[in-house]
Amino acid sequence: MKNQANSAVKEKKTFRQIMCTDNAVGYVFAAPFIIGFCGLTLFPMLLSLYYSMTNYNFVNSDFIGLANYARMFFEDSKFWYSVWRTLIYVVLAVPAKLIFALLVAYFLTRETKIASLYRAVYYLPSLVGGSVAVALVWKQMFARKGMINSILKLIGIGRLNWMGDKALVMFPLALLTVWQFGSSMIIFAAGLKEIPSTYYEAAEIDGANAFQRFIKITLPCLSPVILYNLVMQTITGFMVFTQAFIITQGGPADATNFIAYYIYNQGFKYQDMGYASALSWVLLIVISAVTLVIFKTSKKWVFYEAGNDD
């Protein structure tokens with residue numbers, strides 16, 4: 001009995017040693033991510049939260065409590081205007097981008113011999129679309145003597161002041177976002193491939209045309225993918241910066257002074273990093289609130305084959 005007890009203790013110790021070894025290996029492999037997350041994400045976020053309650057200007061950092069937030073909500077009219085213009089941009093650019101990406105994905109998923117080449121070519125704008133070089137090219141295209149105005153002049157419309165008119169300036173920036181549809185298109189294409197062909201075959205037997213099949217089968221079955229793309233592109237839309245920084249510099253008359261560009265100016269142009277940190281946290285709250293609304297409303301329009309969760 002004593003020998004059996006000793007062997008049981010040894011086996012237990014061996015099991016613990018194995019578990020400890022496995023855990024140690026897991027921690028070693030997870031260490032780069034954990035260190036990167038803590039050092040590059042968690043710590044900067046906590047530090048910015050502290051700075052948001054100071055008047056930090058790269059030199060001094062006096063604690064002032066919620067004064068930055070009070071200034072933001074009650075004194076800074078430009079903040080509210082930048083939020084409003086950002087919302088207009090998101091409402092204009094995000095749906096247009098998703099609709100265009102879905103239509104392109106729908107046609108590219110049809111079986112052809114060079115479908116892979118088509119997908120690669122159509123994905124290229126996403127690889128270069130957010131770069132400074134492309135933004136500069138876009139700026140030249142919509143200049144007073146640019147290619148777009150030259151085409152409009154040929155068809156008798158005349159030249160438009162795209163970058164100098166508050167009523168027009170959003171359209172070139174939104175079109176640049178729509179042009180970067182590649183990533184959304186690839187995700188839509190993957191979702192379209194997962195829809196069972198039997199659904200379409202049954203609909204054809206019942207006499208449904210192509211439009212009816214798209215509305216009654218494609219969109220409901222693709223709704224989880226649409227939800228994912230909608231959330232991701234909405235978040236990206238609220239953080240738009242390159243277009244305002246390179247193409248318009250926030251003009252004309254602050255019409256493209258998006259919230260991310262406004263934060264950049266407060267922090268680096270005016271060296272009011274404490275106020276910029278407070279603006280960043282409010283932007284995080286706004287994005288979180290909009291994302292939450294999207295998820296709450298998704299129960300009414302997202303279809304899951306396994307059934308929607310109550």
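Predicted model: local features only at pLDDT ≥ 70, side-chain atom pairs only at ≥ 80, totals over all residues.

Residues are numbered from 1 along each chain as its sequence is written, and side-chain values use heavy atoms, with hydrogens and water left out.

**Stop one: helices 3 and 8**

Select residues 77-108 (helix 3) and 182-193 (helix 8); helices here are DSSP runs of H or I, at least four residues, numbered from the N terminus. Their axes, lines fitted to C-alpha atoms over the stretch in contact, sit 8 Å apart at an angle of about 50°. In contact (heavy atoms within 4.5 Å) are residues including Leu98, Ala101 and Ala105 of helix 3 and Met185, Phe188 and Leu192 of helix 8.

**Stop two: helix 7**

Now pick residues 170-179: seven of the 10 are buried, so helix 7 is largely enclosed by the rest of the structure. Buried means under 20% relative accessible area (1.4 Å probe, protein chains only). Color Met170, Pro172, Leu173, Ala174, Leu176, Thr177 and Val178 to see the buried ones. Then show helix 3, helix 5 (132-141) and helix 11 (242-248), which are among what covers them.

**Stop three: serine 298**

Where is serine 298? Look in the segment after helix 13 (273-297). Serine 298 is buried, at 8% relative accessible area, and its side chain reaches the backbone oxygen of phenylalanine 295 at 2.5 Å.

Key:
Helix = DSSP H or I, 4+ residues; strand = E, 2+ residues; numbered from the N terminus. Buried < 20%, exposed > 50% of the residue type's maximum accessible area, 1.4 Å probe, protein only. Polar contact = N/O pair within 3.5 Å; in protein donor to acceptor, adjacent residues only side chain to side chain. Axes fitted to C-alpha atoms, helices over the stretch in contact; angles between N-to-C directions.
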